[in-house]
Structures are given as C-alpha cells and as structure tokens.
Amino acid sequence: MTTTKKSNKEFSVTVNLIIFLTLICLVGITRLLIVHISDKNTFENVSIIAEINYDSNMDLDKTLSKVENTMEKHYDIDIYYGDMIQEIATIVQANVLQDKITTLSIMQNLNNEFQKYPEGLIKEIQDKGYKVSVYIVDSFNNGNVALANRTSNGYFNIFLSDASDFAKAFHHELYHILEYYIKLEYDIELAYINWDKYNPSDFKYEQDVTKLTYNNVYGLDSQRELCFVSLYSKFSESEDRAEVFSSMMVSNENYKKNYKASNILNKMNNITQVLDDVFASIKSNMYWERYKNI
Ligand SMILES: [Zn+2]
C-alpha cells in the first residue's frame, strides 16, 4: 500500500513539474516591508497530532510519514518534502530541506495554522477537480519565504520554507489558493466589485516595488486614511487581499483597534463576505472574523 501511494505521489510531482507555473505569488519582499505583528492565538482547537517528544531513538521517517498521512487525510491536501521534490524545488529556486526534525517541526506548525480553517474547506476545492499540495522546503535562493502557484491542469501549490514568519506566510499563500478557486469557479470581478472604493481615489497598484510609497499604509503613515495593511499590499489587488487576509489570521488586539473605521476594515468585511458566499463549509465566527470583536 505504501509503495502504491508513493508512486502516485511521485507521479503527481512529475505532472506538476511538466505543466508548470501559470501563476506565481512571491512573498519575499513582504518579509522586508511588512509591519511585524505578534500572533495572539485565542482560538481553542484540539490538535489532530499528538504531542511529539523528540528523542534520539525516534524513527524520524516513520514519525514524519505518520504525521504527513494524518494531515493529508484530515485537511484533504498532499504534503511533499525531502529528496522527492528536488526537481520542482529547483524550478521555484528553493533548496530541499534535508533535516528531518525541522521538517517535522514545520509540519507541526502547518497543522497549528491549518486547524484555524473549517473542516471540509479544501475538500470543496478538491471536489471540483483541483488538487491542493503543500511543499516543505528549506529556503529560497532569492530570499522569498513562501510561494503559491497554480498549474493549467488544476494543481494549486503552496511552497513553505523554514521561516520565522511562517504563520503569516502560510495564511497569505492559502488565501491565494482560495482565490485561485474563486477565480475559476465564480465571478471574482463581481465579488470584489467594490474593492477599488477602499483605496485612495487616485490609487493604482504598482508592480515596480521601488515606486511604492508609505502613503495610507498601516504603521508607516500616521497622517492619511489607512487603506493598506502593508507596503506589499500595493503590489496588486490579489496581493492586497492576501495581505489583508493573513493579517486577519495573525493580528493581535492592538492591531485590530487601529483598523477601526478604516478602509482596511472594509476590505476585511469584503473578504469575509466573499468567503462566506463561496464556501459551504464556512459558517459564522470563523477564525479570521476575530477583527469584528474589537
Ligand atoms: Zn502573494
């Protein structure tokens, strides 16, 4: 059974590799430019993974495989790591993570963050024929911390590195995955028809990051109306939303108070509404709605 599963996974990596990269998101500059916010987790949940006590006699391969299988089943994702992803890692300019204890620790972090989402969320995406995969890597050669892409044959991929801002990067990339799905299955233009109204009237997104200004950015501009959670939000509409969403997942109380009555709050409400409309598994009081209880 194990052999069959491995073959399927290897095949899947290959398919992913051949029909590659129709869309890419890089979070690299986010790391440099965002205002860092500490995570105050008040969400109660029972982990699907029992606490792991490391000791030198532990069979790491067996433990990794057990954790991987548990998470794959529970979250309806595929997880890839180690030497199996050498080829695809090269393409996204990532280095393979060889250290098994670090790999295990990233998987545990991934589990901690994934359990903030409702059960069945990824299954809804999967049921429409898309496949969501998570690749665990050591680092990116270009300084990125994470990346999301989708292939033309329906693979949605997230690449996560061993980074200190893992949680923020993961939620940013997972939002891209949700938006890939929304783009393919729904009228996203209509869903976000009001988005521009939450930006300054003369504002245009700018892909040349050297031209981005601090105007209207939370933590960087104390004069003007707040419209952006980070400088990287000004890169594109989808990056803006990914940044807003990840801030909803990791922000602390002070941060939320500062958003009161700002356009950032309107953006948060817009995202919450769209997710609620699109996904049946999303009910009220989701983790990302904590901002409402300011
Ligand atoms: Zn992004």
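1. Let's start with one residue. Setting aside neighbours within four places in sequence, Val-67 is in contact with Ile-49, Leu-104 and Met-107 (two residues are in contact if their C-beta atoms, placed from the backbone, lie within 7 Å). Val-67 also sits 9.2 Å from Ala-50, C-alpha to C-alpha, though the two are 17 residues apart in sequence.

2. A word on what you're looking at. This is a predicted model, where local features need pLDDT of at least 70 and side-chain atom pairs count only at pLDDT 80 or more, while totals for chains, interfaces and linings use all residues. Residues are numbered from 1 along each chain as its sequence is written.

3. Is Val-67 buried or exposed? Val-67 counts as buried because it has 21 C-beta neighbours inside 10 Å. The cut-offs are 20 or more other C-beta atoms within 10 Å for buried, 12 or fewer for exposed, and partly exposed in between, with C-beta atoms placed from the backbone.

4. Val-67 belongs to helix α3. Helices (H or I, at least four residues) and strands (E, at least two) are DSSP runs, numbered from the N terminus. The end C-alpha atoms of α3 (residues 60–75) are 22 Å apart, which agrees with the 22 Å that its 16 residues should span at 1.5 Å a residue; that expected span is 1.5 Å times one less than the number of residues.

5. Which residues of α3 are buried? They are Val-67, Glu-68, Met-71 and Tyr-75. Seen down the axis, they fall within an arc of 100°, so they line one face of α3 (the arc is that of the directions from the helix axis to the C-beta atoms). An α-helix has 3.6 residues a turn, so residues three or four places apart point the same way.

6. Now both sides of α3. Its buried residues pack against β2 (78–80), α5 (100–114) and α6 (121–126). The face turned away carries the exposed residues Asp-61, Lys-62 and Lys-73. Just after α3, Asp-76 takes a positive phi of about 60°.

7. Have a look at α11 (residues 263–278) too: it has 16 residues and reaches 23 Å from first C-alpha to last, close to the 22 Å expected. Its buried residues are Ile-264, Lys-267, Met-268, Ile-271, Val-274 and Leu-275. They cover an arc of only 130° around the axis, which puts them on the same side of α11. Their cover includes α7 (166–185), α8 (188–191) and α9 (237–250).

8. Finally, where do α5 and α7 meet? Asn-109, Leu-110 and Glu-113 in α5 meet Phe-166, Ala-167, Phe-170 and His-171 in α7.
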